[in-house]
Structure formats: structure tokens, C-alpha cells
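The stops below go from one selection to the next.

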Amino acid sequence: MGFISGLIWGVLIAAATVALEHYGPSSEPLHISLSGNGAIAAPVMLVPLAIFWGWSWLANAYSGRSAVPIAAYTLAMFLGVSLIGPADAFFFPQNAAALTVNDFVGGLFQGALFVGFVAIVAAPIYWVLRSRIGTSRVLIWLLYLVSLAIAAFVPAFGTIVAGGVVAGTASGHAWQRQGGRTLLAVVVIVIMALAVFGIPYVLANGLTAPRF
């Protein structure tokens with residue numbers, strides 16, 4: 001059950017990424033482009049949401065025996081997201097050549113970056129928040145704020161690291177609340193949207209409103 005769900009999430013994220021890469025919209029006033037390299041906004045935003053949703057669901061379904069289902073879910077998501085490279089090469093070939101080994105190697109790198117790295121960051125945070133030492137609500141909301149600070153001040157992979165912090169924090173938060181996953185999913189989406197779009201805009205343009 002967990003493996004299939006993770007694979008579905010991964011394939012959907014891969015499909016969204018490939019579609020945006022070639023058909024993604026752009027907004028000059030907002031300085032946002034979701035086409036080309038901008039398509040990585042899809043896995044950067046959606047993987048933390050998928051990890052939170054899957055981990056919290058499996059933790060509730062399997063109670064204290066959720067480690068193996070969560071690992072299977074994450075592995076399946078990794079495999080699904082790793083289809084970004086091969087799917088792009090298959091549906092939008094640059095030449096007449098068939099799929100190559102490099103396409104699959106590139107896909108595995110994308111899976112490792114967008115899923116594996118995020119899961120590695122999220123797992124210890126989730127473990128702490130599920131333990132007795134992580135029951136403070138102040139700690140939870142501080143971690144959410146830390147994720148935004150990381151996105152703002154850590155260059156290159158800051159938003160990906162922030163996604164791991166958000167995913168682990170939201171998963172632990174759901175465990176403590178024992179419910180309210182929809183509200184927490186909204187929190188994850190809002191924080192990741194700020195990390196991916198809001199913070200880069202403010203850093204580049206200050207607090208000036210966009211002119212349409």
C-alpha cells in the first residue's frame with residue numbers, strides 16, 4: 001500500500017515537472033518562470049508535501065510499526081521522481097536517438113536530490129518530534145521559521161534543505177496533533193511557496209509590489 005502510493009506521488013511529480021519544463025507559464029512582473037529550468041519548482045514544492053502526507057498517513061495507519069512502510073513509500077517516490085530524465089528524453093527527444101544510459105543516470109540523480117536528500121533531512125526531525133523531547137509547540141513553529149531562514153540565506157540548495165525541514169516538521173506535527181492533516185498540508189504548501197517564489201522575489205526586488 002505504501003509503495004504503490006509513493007510510486008503514484010513520484011510519477012505525478014515527474015509528469016508535472018516534464019510538462020512544466022516545456023509548457024510552463026511565465027510572469028514577467030513577478031519574475032517567475034516555470035518553464036525550462038524553472039520547472040524544478042514542481043519537485044521542490046511537491047516532494048515535501050508528498051513526504052508529509054505519506055509519512056503522516058502511514059504513521060497513523062501502522063502506529064509504532066511504520067518504519068518499513070515509510071521506507072518503502074519513500075523508495076517508491078524516489079523511483080517515480082527518477083523518471084523525470086527518461087520521460088523528458090522519451091517524449092521530447094533532442095534527436096532521433098533512443099533513450100540512453102545517461103538519461104536514466106540523470107533521472108536517478110534527480111531522484112536522489114529531490115527525494116533522497118529531502119528525506120535524509122526530514123527523517124531526524126520527524127524522529128525528534130515523535131519523541132518525548134520534541135513535544136514543544138514552540139519548537140515546531142520555530143522549525144517552520146528556520147526552514148524559511150534556510151531558504152533565504154543558504155545559497156544553491158537552500159530551498160531543497162528547507163523542504164526537508166518542512167516535511168519532517170509537518171510529519172511530526174501531524175503525529176502530535178493526531179489529525180488535522182489538511183490544515184498542515186496547507187501550511188506546507190504556503191511555506192514552500194514562500195521559499196520557492198516569495199523569498200527570491202523579495203531578495204531580488206525588495207518589498208516593492210510587482211507592476212502588471
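Helices (H or I, at least four residues) and strands (E, at least two) are DSSP runs, numbered from the N terminus. This is a predicted model, in which local features need pLDDT of at least 70 and side-chain atom pairs count only at pLDDT 80 or more, while totals for chains, interfaces and linings use all residues. Residues are numbered from 1 along each chain as its sequence is written, and side-chain values use heavy atoms, with hydrogens and water left out.

**Stop 1: α7**

Select residues 158-177, which form helix α7. Its 20 residues reach 28 Å from the first C-alpha to the last, close to the expected 28 Å (1.5 Å times one less than the number of residues). Of these 20 residues, 16 are buried, so α7 is largely enclosed by the rest of the structure. Buried means under 20% relative accessible area, exposed over 50%, and partly exposed in between (1.4 Å probe, protein chains only). Now step to Gln178, which follows α7 and has a positive phi, near 55°.

**Stop 2: α6 and α8**

Show α6 (residues 137-153) together with α8 (residues 181-205). They pack at an angle of about 25°, with their axes 9 Å apart. That makes α6 roughly parallel to α8. Axes are lines fitted to C-alpha atoms, for helices over the stretch in contact, and angles run from 0 to 180 degrees between N-to-C directions. Under 35 degrees counts as roughly parallel, over 145 as roughly antiparallel, 65 to 115 as roughly perpendicular, and the rest as oblique.

Display the side chains of Tyr144, Ser147, Leu148, Ala151 and Ala152 in α6; they meet α8 residues including Leu184, Val187 and Ile191. By class, this contact of α6 with α8 has eleven nonpolar, one polar and no charged residues. Ala, Val, Leu, Ile, Met, Phe, Trp, Tyr, Cys and Pro count as nonpolar, Asp, Glu, Lys and Arg as charged, and the others, Gly among them, as polar.

**Stop 3: α1 and α4**

Next select α1 (residues 2-23) and α4 (residues 84-91), which pack at about 45° with axes 9 Å apart. That makes α1 oblique to α4. The contact (heavy atoms within 4.5 Å) is made by Ala14, Thr17, Val18, Glu21 and His22 of α1 and by Ile84, Ala87 and Asp88 of α4. These residues divide into four nonpolar, two polar and two charged.

**Stop 4: Ser66**

Finish at Ser66, in the loop between α2 (41-62) and α3 (67-81). Is Ser66 buried or exposed? Ser66 is buried, with a relative accessible area of 3%. Leaving aside neighbours within four places in sequence, Ser66 is in contact with Leu58, Ala59 and Arg130.
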